[in-house]
Amino acid sequence: MNRKVAVAARIVLGLIFVIFGLNAFLQFMPAPPPMPEGAMAYLNGIMAAPYFFPVLKITEITCGILLLTGIAAPLALVILAPITLQIFLFHAFLTPGLENLLVPVVMVIVHFLAASAFWHLYRPLFNRVSFK
């Protein structure tokens, strides 16, 4: 994989998480259009636990900054992987229409491209472990 592509992907992913994470607190982007009933039920469930959404957004901002600076980028990518997956699954199952999948698909692709630069660090995670 071209190193420049991986660095660009890391920066794009970092920007996405910092911007959308900050938007949750500062609300500088326009409000999204109304969501389907299932999506609203899911979000209302998350909001029922008052700590969850702020912790999620602070994690996104922190890891996004780590990606932008290159500090602990492999760790930030591991922490953000389940968040990226959940963003994709939320839009794939709860918001109809291909236009709603554009950003999540880009996020998944960019996440894989950014992580490819650190595959040598992730490879041992997939080794079979024997407890003899």
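At what angle do helix α2 and helix α4 pack, and how far apart are their axes? Before the answer, the ground rules. This is a predicted model, where local features need pLDDT of at least 70 and side-chain atom pairs count only at pLDDT 80 or more, while totals for chains, interfaces and linings use all residues. Residues are numbered from 1 along each chain as its sequence is written, and side-chain values use heavy atoms, without hydrogens and water.

Now the pair. Helix α2, residues 37-48, and helix α4, residues 73-94, pack at about 145°, with axes 9 Å apart. Helices here are DSSP runs of H or I, at least four residues, numbered from the N terminus. Axes are lines fitted to C-alpha atoms over the stretch in contact, and angles run from 0 to 180 degrees between N-to-C directions. On the α2 side, G38, A39, Y42 and L43 meet Q86, F90 and L94 of α4; contact means heavy atoms within 4.5 Å. The residues of this contact are five nonpolar, two polar and no charged, with Gly counted as polar and Ala, Leu, Phe and Tyr among the nonpolar.

Next, two single residues. E60, in helix α3, counts as buried because its relative accessibility is 3%; buried means under 20%, exposed over 50%, partly exposed in between, with a 1.4 Å probe and protein chains only. Leaving out residues up to four places away in sequence, E60 touches F17, G21, L80 and I83.

L26 lies in helix α1 and, at 59% relative accessibility, counts as exposed.

Note on methods. Helix = DSSP H or I, 4+ residues; strand = E, 2+ residues; numbered from the N terminus.
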